[in-house]
Amino acid sequence: MNVLIIGGVACGPKAAARIHRLQPDTRITLIEKGELLSYAGCGIPYYISGQIRDIKELMKTNAGILRDSHYFQNFKGVTVRNLTVATRIDPQRKEVEIFDIGTMDRERLSYDKLVIATGGQPIQPDIPGRDLKGVYTLHNLTNAKKLREQMQQGAKRAVIIGGGAIGIEIAEAFTHNDLETHLVEAKDQVMAKALDREMCAMVTEYLNIDEVNLHLNSRVVGFEGDEEGHLRRVLLEEGSIEAEIAIIAIGTRPNAQLAAEAGLAIGASGAIQVNEHLQTSDPDIYAGGDCVENLHRITGKPVYIPMGDTANKHGRVIANHLCGYAQGSRFPGVLGTGIYKYGDLSIGHSGLTERQARADGYACDAILYPGLDKPEFCATARRIDMKLIFEQSSRRLLGVQLVGEGDVSKRLDVLATAMSLDATLDQLSNLDLGYAPPYSPALDNVISAANISLNKLDGISHAVSPVQLWKSIQAGEDLLVVDVRTQREFAAERMDLPQLRSIPLSRLLGALESIPRDKPVITLCKVGLRGYEACQLLRGKGFANAFYLEGGLAMWSHPKTREPL
């Protein structure tokens, strides 16, 4: 069998290596327009920050072997044609026309099976001056190396355009190197695609601590340079920012033009349509990685969510099916699971946000839960804020968000696995997880969050979120907020609200006559437990309008930045 692969970064090399293992006599040719192969693009922010000193580390195997053309030829039996562009696919003749950048020669290569792994490319808005030296998109190692060199040569000021995951990671790299950093975001919060409003508060707090200058609800309209073509100023709709470096990080679009010109089916997202085996509309042509769309495992709808780990899974599935192996030859779709790091903060998400779930028509609810990742007596215990979004009828999870200094990855992976298996909240509540104080509380954060969700779903608890409370206050609703923490806690930290009263939980029963029954009463504590207990006490005494503040004071941070979903 003669297999031709277009694209040599993630999906393509993975498919090539797997095909060689399954059928060593297969003739495999890999075409890559760049010079470098099979590199870890997700490691670029850590190279820019200086945590990875040599860019070649992003191109090595676990054994320290450089993944270059010689490696693929000698270890994987793959013929590599790098610095070569695939210019046309002819499905009828089963040929691909290629152009060698070095020799300027054109030729045609035949195939029995073709794999398209052309990846994605950064979205570049049509902004005047975007070609100036110092304006970058971080879609390859060459650009990353140029940026690192410019930083080492003394650049002092940088602007990041886009407040998503890449923007946040690059902001950390810049602040780590003492650059004056500005982040420009068109929406009114960072991480808007991944996090609902109340869950981005801690991320914003970290950015503020590092003195990252946030420009929310703002857009870049131009770049200005000096006489030598170097960037000197970034122009906003209102005002400008002096800078020598600008990073455009507003998203990725699929590189599907070659497939479209060959007559292959393209989805509404602009990415290549594939079936569960990652075959295109031509069964002899497969496609995977950032150039294809996938089904979302919650909604069942096509989505474009480019991720490096997904691309590698695609490569394996393609190889299995291409070589005739039934097992492992189906790709079930994606949840959009992601995790990112900013300093000591971890940011994780999977599935739908509450905004997305409601927009897709789900009758859903959500809970907020801030908790420690270990018992409080452990010196290494750290906080994790969690949000679970769940469907009311099926009781299954629709989405999760986690932000904190604790072990976010462990909880994220458990919850993503649960969603992949359509687990219900009832099943989550009784998961048999590993427990010892150095690793988790007796009831892990996942189980506690599931129990809080069940209480809300079953009508046992009655909560309002910070967003809902702030909306009521802004609307001038007549309500009472009761802080049930101790007097010492109240004196140290409190809400600045005229509707606020301090009644410690231990004194609440004796103060019932002073609490109005004709208007909403919101109880609160630090994280929600005592507030919940106070609400239950009041409801038991006939206060039908009693509610507790979900997440407590811990998740009330920056309420003035919040608006209803």
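In this predicted model, Arg 233 and Glu 224 form a salt bridge through their side chains, with an N to O distance of 2.6 Å. Arg 233 also meets the side chain of Glu 242 in a salt bridge, at 2.9 Å from N to O. Arg 233 is partly exposed, its relative accessible area being 27%. Glu 224 is likewise partly exposed, at 35%, and Glu 242 has a relative accessibility of 35%, which counts as partly exposed. Elsewhere, salt bridges with shared partners connect Asp 196, Glu 198, Glu 354, Arg 355, Arg 358 and Lys 387 into one network.

The whole structure contains 35 salt bridges. One of them pairs Glu 244 with Arg 157. This pair links distant parts of the chain, 87 residues apart: Glu 244 lies in the loop between strand E15 (240–242) and strand E16 (245–248), whereas Arg 157 belongs to strand E10 (residues 157–161). Glu 244 is buried because its relative accessible area of 13% falls under 20%. Arg 157, at 28%, is partly exposed.

| Salt bridge | N to O distance |
|---|---|
| Glu 244 – Arg 157 | 2.5 Å |
| Arg 233 – Glu 224 | 2.6 Å |
| Arg 233 – Glu 242 | 2.9 Å |

A further arginine, Arg 411, sits in helix H10 (residues 408–420). Arg 411 is buried, with a relative accessible area of 0%. The side chain of Arg 411 makes a polar contact of 2.7 Å with that of Asp 444. Leaving aside residues up to four places away in sequence, Arg 411 touches Asp 373, Ile 384, Leu 402, Tyr 439, Ser 440, Pro 441, Asp 444, Asn 445 and Val 446.

Technical notes:
Residues are numbered from 1 along each chain as its sequence is written. This is a predicted model: local features need pLDDT of at least 70, side-chain atom pairs count only at pLDDT 80 or more; totals for chains, interfaces and linings use all residues. Side-chain values use heavy atoms; hydrogens and water are left out. Helices (H or I, at least four residues) and strands (E, at least two) are DSSP runs, numbered from the N terminus. Buried means under 20% relative accessible area, exposed over 50%, partly exposed in between (1.4 Å probe, protein chains only). A polar contact is a pair of N or O atoms within 3.5 Å; within protein, one must be able to donate a hydrogen and the other to accept it, and residues adjacent in sequence count only if both atoms are side-chain atoms. Contact means heavy atoms within 4.5 Å. A salt bridge is a side-chain nitrogen of Lys or Arg within 4 Å of a carboxyl oxygen of Asp or Glu.
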